[in-house]
Amino acid sequence: MTVILNQSFTGISIGAVLLLIALGLTLTFGQMGVINMAHGEFIMAGAYTTYVLQKSISSAGVSLLVALPVAFVVAGAMGALLEWLLIRRLYTRPLDTLLVTWGVSLMLQQLARDIFGAPNVQTHAPDLLTGNISPGGGITLANSRLFILGLALLCVLALTLILRLTPLGRRIRAVVQNRDLAEVSGIATGQVDRMTFFIGSGLAGVAGVGLTLVGPIGPTMGTNYIVDAFLVVVVGGIGQLKGSVITAFALGVLQSVLEYSTTVSVAKVIVLVAIVAFLQWRPQGLYTLRTRSLA
Amino acid sequence: MTTTTPTAVTPASVPLSERLRAPMGFALGAVLLFGVAPLVLSDFRLSLLAKYLCYAIVAVGVSLAWGRGGLMVLGQGVFFGLGGYAMAMHLKLADAAANGEKLPDFMQLYGTGDALPWWWKPFADPAFALAMTVLLPMAVAALLGFLVFRRRVKGAYFAILSQALAAALSIWLIGQQATTGGTNGLTDIQGFFGYSLDDPVNQRTVYFIIAAVLLLLMAGARQLFVSRYGELLIAVRDSEERVRFLGYDPANVKIVAYVIAAGMAGLAGALFVPAVGIISPALIGIVPSIGFVIGAAVGGRASLVGAVLGAIAVAWAQSTLSDAFPAAWTYLQGLLFVVAVGFLPGGLASLGALSRRRTRNRTTGETA
C-alpha cells in the first residue's frame with residue numbers, strides 16, 4: 001500500500017512538471033495552431049534566470065521567490081519577440097512553425113552554451129524545500145515536489161482566472177474559437193497573439209524555475225521535456241486547459257506505475273502506444289472545441 | 001498548407017527540351033556519381049560521400065511524403081534505424097560466425113548468458129535480414145499511418161506523434177543494452193556479405209551500390225510524381241476535403257506515401273551500416289530525425305533534385321564545419337532553418353523559378 005501511495009505521488013509530481021510545461025504550450029498551440037519547439041528553451045531561460053539571481057541574492061528562498069516573476073517576464077519577452085519576428089509571418093503555415101522554431105531553439109541552446117558553458121549548473125534549494133514530509137504510514141513526500149505541485153496548481157488557477165475574468169482572456173478565447181469572427185468583431189488579433197505568446201512563454205519560464213529544484217540546469221534541458229509536453233497537449237485537446245490538467249496527471253501516474261513494474265525505457269514505449277490507442281477513440285483529444293470545420 | 005508548387009505534369013504539348021530535362025538530368029547525375037566522383041575523390045572522401053548519399057536516399061522519401069503529400073515526417077529516424085539495425089544485426093552475426101563465435105562481441109562483453117535472444121535468430125539469414133531492412137519500416141509505417149490517418153488525426157498531431165515515436169525507439173534501444181548494444185549501438189562491423197569492409201576496393205563497391213540505389217529511387221519517385229497517384233497526393237495536400245468529396249479516400253493516399261518514404265529510409269539505414277560501420281541510437285533520435293528533414297527543406301522539399309542536393313549539402317556542411325567551428329555551425333544551422341523554411345518555403349530550388357518569374361515580369365512590364 002505504501003509503495004502504491006509513494007509511487008502515485010511520484011507520478012503526480014511528474015504530472016505537475018508536465019502540466020507546468022504544457023500549460024504554456026496549450027495556450028500558444030491553441031491560439032494559432034503554432035507548434036513552438038523553442039518552448040523548451042524558454043524553460044531553460046527560466047532556469048538560468050534562477051541561477052543568475054541566486055548569484056546576486058544570497059538567500060536561496062528569497063532568490064527563488066524573486067526568480068518566479070523575473071523568469072516569467074524574461075521568458076515571456078523572449079516569446080513575444082519570437083512571435084513578432086517570426087511566428088506571425090507563418091500564420092498561414094502552422095506546420096512550418098515547428099521547423100522554424102526548432103532552428104530558433106538550436107540557436108538559443110548554443111547561446112546558453114556560449115554564455116554559461118556546456119556543463120550543467122546547479123542552484124541551491126532553500127532549506128525549507130530540501131527535506132521530506134512524512135505524514136505517517138511510511139509515506140514520504142519531498143518538499144521540492146510538493147512545491148512544484150503547488151506551483152503548477154497556482155499557475156492553472158491564475159491562467160483560468162485570466163481567461164475567464166479579464167477582457168484579455170475573453171479576447172484570447174474569442175480568437176481561439178473563431179479567429180475570423182473575432183477579427184471582424186473588432187478584436188486586434190495580432191495584439192492578442194502577442195499577449196498570448198507572452199503569457200504562454202512566461203509560464204514556460206516559471207516552469208523552468210520549478211525545474212531547478214528537481215534537475216540539472218543545462219543547455220539541452222528543454223529538449224528533455226518538450227516532446228512529452230506536446231503529447232500532453234495533443235491528448236488533452238488543443239487549447240483546452242481542463243484537458244491538459246487531466247492528461248498531465250494521468251500520463252505522469254501511468255509513466256511512474258509502468259516504470260515501477262517494467263523499466264524506464266519500456267514505460268516510455270508503452271505510454272506512446274497508449275496515446276496512439278487513445279487517439280483512436282478520441283482523435284481530437286480529450287476535450288474538443290465544437291466547430292463546424294470538417295477536419 | 002497553402003504552399004503551392006508547380007506540378008510536374010508533362011502533357012504532350014510540352015516542348016521537347018522540357019520533356020528531355022528529366023532524362024538529361026538523370027544522365028548527368030549518373031555521370032557525376034559514377035564517373036567524376038570516384039575519379040577526383042580520395043577513398044576517404046568517397047566513403048564520406050557514400051554516407052551523404054544515404055541521407056539523400058532518405059530525402060527522396062521526405063520529398064515524396066512531405067513535399068508532395070504535406071505530411072510532416074519528423075520520425076524518419078525510426079525507419080532509418082529499423083533498416084540500419086536489421087542490417088547491422090545480420091552483419092554482426094555474420095562477423096561472429098566468421099570468427100567461430102556464437103554471439104556478437106558486445107553480447108559476450110555484457111555477459112548476458114550464451115543464448116542468442118530469440119528475435120536476433122532470424123537475422124542470421126541474409127535474405128530475411130535484407131527483406132526486413134525494407135519491410136520492417138514499411139510495416140511500422142503502415143500500422144502507424146493506418147491508425148493515425150484513418151482517424152483523421154490532424155497534421156500537427158501526426159508530426160508530434162512521429163517525433164515521439166523516434167524518441168521512444170531510441171530510448172528503448174538505449175535501455176536494452178544487453179541485446180541492442182545500448183548507447184553504443186552496433187559498432188565495429190567488419191564484413192559485408194563475405195567481403196571485408198577494411199578493403200578500399202570493397203568500400204568503393206559499397207559506394208557504387210549506394211549511388212545506384214539513389215539514382216534508381218529518384219527515377220522511381222519521379223515516375224510516381226508524374227503519375228495519377230502523384231497528382232492525387234498533391235490534391236490531398238492542398239485540399240483534403242475536396243479530394244474526399246470527389247470519392248477518393250485521402251487516408252489511403254497518405255498511408256501509401258508514408259509507407260514508401262519509410263521503406264526508402266529503411267533502405268538508406270541499411271546501406272548506411274556498411275558505409276559507416278556503425279548504427280546507434282544517437283543516429284535515429286529526435287535530433288537526427290529532424291536533421292533528415294532539414295536538408296530537404298533547405299534544398300526544396302517539393303523538388304526531388306532540390307531535396308536530394310539539399311540533403312547532401314547540409315550533411316557535407318555539418319561534417320566539415322561542425323568539426324572546425326562547432327559553435328558557429330550550430331548558429332548557422334539554426335539560421336539556415338529559420339531562413340529556408342520561414343522565408344523561402346520552396347527551398348533553394350525555388351530561387352531559380354522565382355528569379356525567372358521576376359525577369360519575365362520585368363520584360364512584359366507586369367508587377368509581381
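What radius of gyration does chain B have, and what would a compact globule with 368 residues have? Before I answer, please note that this is a predicted model. Chain B has a radius of gyration of 21 Å, which agrees with the value near 21 Å for a compact globule, given its 368 residues. Along its principal axes, the C-alpha trace of chain B spans about 75 × 50 × 45 Å.

Let us turn to the make-up of this chain. Chain B contains 15 helices and two strands. Of its 368 residues, 50% count as buried. Among contacts in chain B between residues at least 6 apart in sequence, 77% join residues at least 24 apart.

A nonpolar surface patch of about 610 Å² is formed by B:Leu28, B:Val31, B:Leu32, B:Val36, B:Leu39 and B:Val40. One of these residues, B:Val36, belongs to helix H1 of chain B, residues 16-40. B:Val36 counts as partly exposed because its relative accessibility is 36%, between the limits of 20% and 50%.

Finally, I would like to consider a residue of chain A. Is A:Arg179 buried or exposed? With a relative accessibility of 11%, A:Arg179 counts as buried, since buried means under 20%. A:Arg179 is located in helix H7 of chain A, residues 179-184. Its side chain makes a polar contact of 3.0 Å with the side chain of A:Asp193. Leaving aside residues up to four places away in sequence, A:Arg179 touches A:Gln31, A:Met32, A:Tyr91, A:Ala174, A:Thr189 and A:Asp193.

Definitions and conventions. Residues are numbered from 1 along each chain as its sequence is written. Chains are lettered from A and ligands numbered from 1 in the order in which they are written. This is a predicted model: local features need pLDDT of at least 70, side-chain atom pairs count only at pLDDT 80 or more; totals for chains, interfaces and linings use all residues. Side-chain values use heavy atoms; hydrogens and water are left out. Patches are made of residues with over 30% relative accessible area and no salt bridge: like charges are joined within 9 Å, nonpolar side chains (Val, Leu, Ile, Met, Phe, Trp, Tyr) within 5 Å. Accessible areas come from the Shrake-Rupley method with a 1.4 Å probe; for residues, only the protein chains shown count as cover. A salt bridge is a side-chain nitrogen of Lys or Arg within 4 Å of a carboxyl oxygen of Asp or Glu. Helices (H or I, at least four residues) and strands (E, at least two) are DSSP runs, numbered from the N terminus. Buried means under 20% relative accessible area, exposed over 50%, partly exposed in between (1.4 Å probe, protein chains only). A polar contact is a pair of N or O atoms within 3.5 Å; within protein, one must be able to donate a hydrogen and the other to accept it, and residues adjacent in sequence count only if both atoms are side-chain atoms. Contact means heavy atoms within 4.5 Å. The radius of gyration is taken over C-alpha atoms; the globule rule is 2.2 Å times the number of residues to the power 0.38.
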